[in-house]
Amino acid sequence: MKQLLLDISRKKIDAIVKELLEKYPERVNYEFRPFLLTGIHPSAMRAAVAAQAAAEQGKYWEMHDLLFEIQKGAPQNEAQLIEMAKGLGLDAAQFMRSIEMPEGQLKIQKAMAAARAAVYPSRLA
């Protein structure tokens, strides 16, 4: 099975993924895992944790897409994150509590490790 690693917005691949899932429902399994490029995107972990915190309120993809739209001006402070959360209709206090908890970053790190293992299985031996 070939694996594909994409560093693009979900919006750009939705149509392709939908078509593949409809055409090959028994052969295609779509999994989305974070694969952060922290070397070139210093705010990548903060953004991933923000998306994870939004997921707790059912708004992962909305936050993900918003973060991709503004990635050059990624949120650098709490006030910007709160505004984004409010703009998505999230409970801002709960959102910020989730961001501050170390479990969010740990969850992202584990998901990244799983993504690396799926893409580069021979490097883990």
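Residues are numbered from 1 along each chain as its sequence is written, and side-chain values use heavy atoms, with hydrogens and water left out. Because the model is predicted, local features need pLDDT of at least 70 and side-chain atom pairs count only at pLDDT 80 or more, while totals for chains, interfaces and linings use all residues.

To start with the overall layout, the chain has six helices and zero strands; here helices (H or I, at least four residues) and strands (E, at least two) are DSSP runs, numbered from the N terminus. Of the 125 residues in the chain, 30% are buried, where buried means under 20% relative accessible area, exposed over 50% and partly exposed in between (1.4 Å probe, protein chains only). Contact means heavy atoms within 4.5 Å. Among the contacts with a separation of 6 or more, 64% join residues 24 or more positions apart.

Next comes the core. A nonpolar core is a set of buried Ala, Val, Leu, Ile, Met, Phe, Trp, Tyr and Cys residues joined through side-chain atoms within 4.5 Å. The largest one holds 24 residues, and those touching the most other members are Leu36, Met63, Leu67, Leu90, Phe95, Ile99 and Ile108. Two or more residues each come from helix 2, helix 3 (60–69), helix 4 (78–87), helix 5 (92–100) and helix 6 (102–119), and helix 2 supplies the largest share, nine residues. Leaving out residues up to four places away in sequence, Ile99 touches Val49, Ala50, Ala53 and Leu81.

Helix 2 also meets helix 6. Their axes (lines fitted to C-alpha atoms, for helices over the stretch in contact, with angles from 0 to 180 degrees between N-to-C directions) come within 9 Å and cross at roughly 105°. The two helices are therefore roughly perpendicular; angles of 65 to 115 degrees count as such, under 35 as roughly parallel, over 145 as roughly antiparallel and the rest as oblique. On the helix 2 side the contact involves Met45, Ala48, Val49 and Gln52, and on the helix 6 side Gly104, Gln105, Lys107, Ile108, Gln109 and Met112.

Gln52 itself sits in helix 2 (residues 44–55) and is buried, with a relative accessible area of 14%. Beyond its neighbours within four places in sequence, Gln52 is in contact with Tyr60, Lys107 and Ile108. Tyr60, in turn, is partly exposed, with a relative accessible area of 22%.
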